[in-house]
Amino acid sequence: MQNQMQHWLDKRAALTPDRLALIDGKEELTFRELRERSQRTARKLSGLGIRQGAVVGLLCTSSADFVALVHALTYLGAILMPLNTRLTAHELSFQIEDAACMHLIYDEANGQLAEEVLGRLPQLLLIQAEGLSELQETECSLTAYIDAEAVQSIMYTSGTTGAPKGVMLTYGNHWSSAVGSVLNLGLSSTERWLAAVPLFHISGLSIIWRSVIYGMTIIIHRKFDPANANRAILEQGVTIMSVVSNMLARMLEDLGGRTYPPEFRCMLLGGGPAPRPLLESCAAKGIPVYQTYGMTETASQIVTLPPEYALSKLGSVGKPLFQAEIRIAGERGGDALPGEAGEILVRGPNVTKGYWNRPQATAEAMKGGWLATGDIGYLDEDGFLYVLDRRKDLIISGGENVYPAEIEAALLQHPAVKEAGVTGVADERWGQVPIACVVLREDAQLSEEELREYLKDKLARYKIPARFYFVNMLPRNASGKLLRRELPALAVQAEQAAEQS
Ligand code: ATP
Ligand code: MG
């Protein structure tokens, strides 16, 4: 791609000014209107001292204003730091300080949280998003050309395996991600992408870039609700939706006997492992699920299962998108053989240059131009990727590799099991053994022996958890991801509770 490009929203508004850019409840904005609103917002933010290169935190619920604020910052050349509204003030303050962010834009819904952050970081300048409408615009020059190499956003990882790291993503990263996706999924002339994932995550932010680059409408849901999401697909002409497996499972339950209309062509499923039974139920219902693999560091998807393999390669996340490449690091150096598991390495124009303010973490992750993902997977003979688990979560029991995700998936197949989390604990004889924390469905009754018996013909003996703990809920981070590192403490608690009762 060329290094200087006409500002994306200017270009889009020139090409298709009257096309709908977004629908947020009753509010609809065309690309012309979105450009106007974004530019007005930029002039106001400029009056508040936001300049090129400044890092600006955005603590807002998904909305039309969110999208306009994202574009407004691009007009000023400021760096967007989208913040997860489910984090605590303590967690947010860490990210804000770490990124040397001086301005925090927040909306009414997150006002209290913003005040709490201010209590910790008194030098921070708070800007209320709704209050911007009353401000005067200031004369300033707005960016007309985008530099592909410039950092557009610093987005923190979910913090599933440790402290979150600020991933620097350039305009070029986002551009390549959007182009790689459309070359795989194609584009219909009436494309409508349902964004019920939060816009502050990479899965949501990437929809904003696709919208402006493709000229496609985003339907924004401020909060995910399975019935509303199904209604949008059934009645509002949604063609594509991004989901994580938990969202999809809930939508399936709500859908019941109904079927999606033919114009709904892609359920893009990512963010974590997809339980096989869920994929099978979707296949049985004719729901076009595309499994995908990616991370904040790759500006969303980097590997996606092409449509024609949805059934024959069920469980695979597919092949790398255009311009992206993957390798599996073999145990003895070099590349792993087909079927052999190893760390997944990725490379491509959508991959981050590194972590903000973390030279060491960057150096550890970047190996000869490849990013080591920390995930383990393998390629089959046809080059399709299967993701097994995170490297940090791998259990080595009696010299055998045990993947918690595989055991969790087997547990989840039991109709009485609602959630399952598996981790390794030290064991004198085997080095490590897996243990499982299980949440049962309401009113379900199940004993440890029954579960053990159930797993017997599904898993090799060394993979069957040494102990099972029945708990009320599993530890998850603000993105809803399972925190396996907290399971041992939860198991101890459950044990103590069982002894007392
Ligand atoms: P942190 O890096 O702070 O520990 P995180 O890795 O959870 O947090 P994200 O960037 O939000 O932060 O998530 C990306 C990760 O999600 C991937 O590295 C991978 O472990 C997991 N993931 C994404 N897609 C899939 C998939 N299809 N199957 C299995 N795991 C997936
Ligand atoms: Mg990660």
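Which residues do ring pairs link into a cluster? In this predicted model, the cluster consists of W8, Y171, W175 and W209. The domain assignment of the protein chain gives domain 1 (1-15 + 30-147) and domain 2 (394-500), and the C-alpha centres of these two domains are 43 Å apart.

**Aromatic rings and charges over rings**

- The count of aromatic pairs comes to 6. In one of them, W8 and W175, the ring centres lie 5.8 Å apart and the planes meet at 40 degrees, so the pair is tilted.
- This pair links distant parts of the chain, with W8 in helix α1 (residues 8-15) and W175 in helix α6 (residues 171-185), 167 residues apart.
- W8 has a relative accessibility of 6% and therefore counts as buried, the cut-off being under 20%. W175, with a relative accessible area of 24%, is partly exposed.
- The charged end of R12 sits over the ring of F31, 6.0 Å from the ring centre.
- K458 lies over the face of Y454, at 3.9 Å from the ring centre.

**Helix α1**

- The buried residues in α1 are W8, L9, D10, R12 and A13.
- The buried residues of α1 pack against the helices α2 (31-47), α3, α6 and α7 (202-214). They also pack against β1 (4-6) and β8 (145-147).

**Nonpolar cores**

- The largest nonpolar core has 103 residues, and L45, M241, M251 and M267 touch the most other members. Helix α3 (residues 64-76) gives the largest share of this core, 10 residues.
- Beyond four places in sequence, L45 touches I50, L69, A72, L73, L76, I105, I127 and L132.
- Another core, of 21 residues, lies apart from the largest one, and its members include L104, Y106, L113 and A478.

**Q152 in strand β9**

- Q152 lies in strand β9 (residues 151-156). Is Q152 buried or exposed? Its relative accessible area is 1%, so Q152 is buried.
- The side chain of Q152 makes a polar contact with the side chain of H174 at 3.1 Å.
- Leaving out residues up to four places away in sequence, Q152 touches V70, T74, A78, I79, L80, L169, T170, Y171, H174, L205 and W209.

- K313 lies in the loop between β16 (300-304) and β17 (319-320). With a relative accessible area of 13%, K313 is buried.
- Not counting residues up to four places away in sequence, K313 touches L305, D380, D382, F384 and Y386.
- L440 is in strand β27 (residues 431-440). Apart from neighbours within four places in sequence, L440 is in contact with A416, V417, K418, L446 and F470.
- The C-alpha atoms of L440 and Y171 are separated by 45 Å, and the two residues are 269 residues apart along the chain.

**Helix α4 and its end**

- Which residues of helix α4 (residues 89-98) are buried? They are A89, L92, S93, Q95, I96 and D98.
- An α-helix has 3.6 residues a turn, so residues three or four places apart point the same way.
- The buried residues of α4 pack against the strands β4 (55-59), β5 (79-82), β6 (103-106) and β9, and against helix α5 (111-120). Strand β9 is the one that holds Q152.

- Most residues other than glycine have a negative phi.
- The phi of A100 is near 55 degrees, a positive value in a residue other than glycine. A100 counts as exposed, at 52% relative accessibility.
- Q323 has a positive phi of about 75 degrees although it is not a glycine. Q323 lies in the loop between β17 and β18 (325-329) and is exposed, with a relative accessible area of 56%.

Definitions and conventions. Residues numbered from 1 in each chain as written. Chains lettered and ligands numbered in written order. Predicted model: local features only at pLDDT ≥ 70, side-chain atom pairs only at ≥ 80, totals over all residues. Heavy atoms only, no water. Core = buried A, V, L, I, M, F, W, Y, C linked by side-chain atoms within 4.5 Å. Buried < 20%, exposed > 50% of the residue type's maximum accessible area, 1.4 Å probe, protein only. Helix = DSSP H or I, 4+ residues; strand = E, 2+ residues; numbered from the N terminus. Contact = heavy atoms within 4.5 Å. Polar contact = N/O pair within 3.5 Å; in protein donor to acceptor, adjacent residues only side chain to side chain. Domains from an automatic or database assignment. Phe/Tyr/Trp six-rings, centres within 6.5 Å; stacked < 30°, edge-to-face > 60°. Lys NZ or Arg CZ within 6 Å of the ring centre and 35° of its normal.
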